[in-house]
Amino acid sequence: MTRDLTITAVHLTPILVADPPLLNTQGVHQPYTPRLIVEVETADGVTGVGETYGDAKYLELARPFADKLVGRQVSDLNGLFTLADEVAVDSSRVFGQVDVGGLRGVQTADKLRLSVVSGFEVACLDALGKALGLPVHALLGGKVRDAVEYSAYLFYKWADHPEGVASEKDDWGAAVDPAGVVAQARAFTERYGFTSFKLKGGVFPPEEEIAAVKALAEAFPGHPLRLDPNGAWSVETSLKVAAELGDVLEYLEDPALGTPAMAEVAAKTGVPLATNMCVTTFAEIQEAFTKGAVQVVLSDHHYWGGLRNTQQLAAVCRTFGVGVSMHSNTHLGISLAAMTHVAATVPDLHHACDSHYPWQSEDVLTERLAFDGGKVAVSDAPGLGVALDRERLAFLHRRWLDDDGTLRDRDDAAAMRVADPEWVTPSVPRW
Ligand SMILES: O=C([O-])[C@@H](O)[C@@H](O)[C@H](O)[C@@H](O)C(=O)[O-]
Ligand SMILES: [Mg+2]
């Protein structure tokens, strides 16, 4: 049997999906957040789907990339990086852009480019898997586990988005103190069976966040707990928090910003440090590992450049005795499926992965992925094992088209200014 794996069409659909008012150190999530859905079609009529960040700067790179992809083989995964280099040269305006201090670490042009590649890589793997009748994990060398564990991703949050903002109502309620955080954690366990918990910090003064983690430790004795202020603390504050919470934390995530500060913290505490901010590219590994700045790297397959790069990162971490797990930003089911396939192939995955998915009430799939006992079962169906709901996709795309441009780029500080006009993104360290 012969198959024609030539890519005959690529469709890019930017969408806006509902997002609750989750607080972080930069502000609050907007009522809708942009994502980009990628579809790759082959000559044989197979379609593969991918998902990545959907802000304008990603779209600017994704469009020329999509044009260049037509005519290539869906199996040419290495070629995606060469193509990205060509697009980067053509789009030198975007390529030169550097934005320091985002929640995803230093946002270099290289990372933007890799995030775009990841959406196409996942779509190509999905198409290839469907064409060959193999699940994505088999294309990655095969699963070593049948289910992947995720942690409950707790956020301080308001009950509603600020008044006057059109948005979907969520049923989580507010969480702005230790009791609210514990109630949210209970809801997570009841709804999804999670057994480990991560609290997004950097929102309230450290003493309040310490109290919240202590309350979690009391409510869920012996369960793995993490706190992630996204680099909002000084070295001194980080060490105080580590001393207070050392007995109950699985790890502290990005307490201080950047490798030198993280190395200073790591040198003076026994609490393991994790990051999705100071090690976000292969180029950042050497300094961080040499200085002993991090004990766990949280891969985000989007900005690491896809599932195969995530496997390579895991291999480097294994070599240096550094742990690996998965970071998450706001995402939908295609990305959760992709994360689950790659996580299923990583041998030493000793920490539950992060996922924002429970916070997303909307999706583009006919059937949402389910957490059972805090785990997602690894699909053995061809490709990712998910199906696109075209009506939902069209509806969410319509929302993107109707937006006047204010929500097409995620801006947590702008969302906060709706509630507090004086708000400016705090300088770092905040405490
Ligand atoms: O969604 C958020 O507010 C998070 O803070 C996100 O932007 C981070 O990238 C992330 O979840 C993290 O672990 O740092
Ligand atoms: Mg983090």
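The points below comment on helix packing, backbone geometry and a few individual residues in this predicted model.

1. Helix H12 covers residues 333-345, a run of 13 residues, and from its first C-alpha to its last it reaches 19 Å, which is close to the 18 Å expected at 1.5 Å a residue. Because 13 of the 13 residues of H12 are buried, this helix is largely enclosed by the rest of the structure.

2. Helix H1 (residues 56-69) packs on helix H4 (residues 109-132) at an angle of about 50°, and the two axes lie 9 Å apart. H1 and H4 are therefore oblique to each other, and their crossing is right-handed. On the H1 side the contact is made by Lys57, Tyr58, Leu61, Ala62, Phe65, Ala66 and Leu69, and on the H4 side by Leu112, Arg113, Ser115, Val116, Val117 and Phe120. Sorted by residue class, the contact of H1 with H4 holds 10 nonpolar residues, 1 polar residue and 2 charged ones.

3. Helices H6 and H7 pack at an angle of about 40°, with 8 Å between their axes. The pair is therefore oblique, and H6 passes H7 in a right-handed crossing. From H6, the residues Pro178, Val181, Val182, Ala185 and Arg186 meet Glu208, Ala211, Ala212, Ala215, Leu216 and Ala219 from H7. The residues of this contact between H6 and H7 comprise 9 nonpolar and 2 charged, with no polar residue among them.

4. Helix H7 (residues 206-219) also packs against helix H8 (residues 235-245), here at an angle of about 25° and with the axes 10 Å apart. An angle under 35 degrees counts as roughly parallel, and H7 and H8 are therefore described as roughly parallel to each other. The crossing of H7 past H8 is right-handed. In this contact Pro206, Ile210, Val213 and Lys214 of H7 meet Thr237, Val241, Glu244 and Leu245 of H8; by class, the residues of the contact are 5 nonpolar, 1 polar and 2 charged.

5. Two residues with positive phi deserve a look when the backbone is inspected. Asparagine 230, although it is not a glycine, has a positive phi of about 55°; this residue is found in the loop between strand S11 (225-228) and H8, and asparagine 230 is buried, with a relative accessible area of 5%. Aspartate 254, likewise a residue other than glycine, has a positive phi near 40°. Aspartate 254 is placed in the loop between strand S12 (249-253) and helix H9 (259-268), and with a relative accessible area of 1% aspartate 254 is buried.

6. The peptide bond that leads from valine 428 to proline 429 is cis, with omega near -5°. Proline 429 has its place in the segment after helix H14 (412-419).

7. Threonine 6 lies in the segment before strand S1 (7-18), and its relative accessible area of 21% makes threonine 6 partly exposed, since buried means under 20%. Apart from neighbours within four places in sequence, threonine 6 is in contact with Glu41, Thr42, Ala43, Gly71, Arg72 and Gln73.

8. Aspartate 160 is located in the loop between strand S9 (152-155) and helix H6 (178-192). Its relative accessibility is 39%, and aspartate 160 thus counts as partly exposed. When neighbours within four places in sequence are left aside, the contacts of aspartate 160 are with Pro21 and Lys169. Aspartate 160 and threonine 330 are 170 residues apart along the chain, and their C-alpha atoms are separated by 18 Å.

Notes: Residues are numbered from 1 along each chain as its sequence is written. Chains are lettered from A and ligands numbered from 1 in the order in which they are written. This is a predicted model: local features need pLDDT of at least 70, side-chain atom pairs count only at pLDDT 80 or more; totals for chains, interfaces and linings use all residues. Side-chain values use heavy atoms; hydrogens and water are left out. Helices (H or I, at least four residues) and strands (E, at least two) are DSSP runs, numbered from the N terminus. The expected span of a helix is 1.5 Å times one less than its number of residues. Buried means under 20% relative accessible area, exposed over 50%, partly exposed in between (1.4 Å probe, protein chains only). Axes are lines fitted to C-alpha atoms, for helices over the stretch in contact, and angles run from 0 to 180 degrees between N-to-C directions. Angles under 35 degrees count as roughly parallel, over 145 as roughly antiparallel, 65 to 115 as roughly perpendicular and the rest as oblique. A crossing is left-handed if the near helix is turned anticlockwise from the far one by less than a right angle, and right-handed if clockwise. Contact means heavy atoms within 4.5 Å. Ala, Val, Leu, Ile, Met, Phe, Trp, Tyr, Cys and Pro count as nonpolar, Asp, Glu, Lys and Arg as charged, and the others, Gly among them, as polar.
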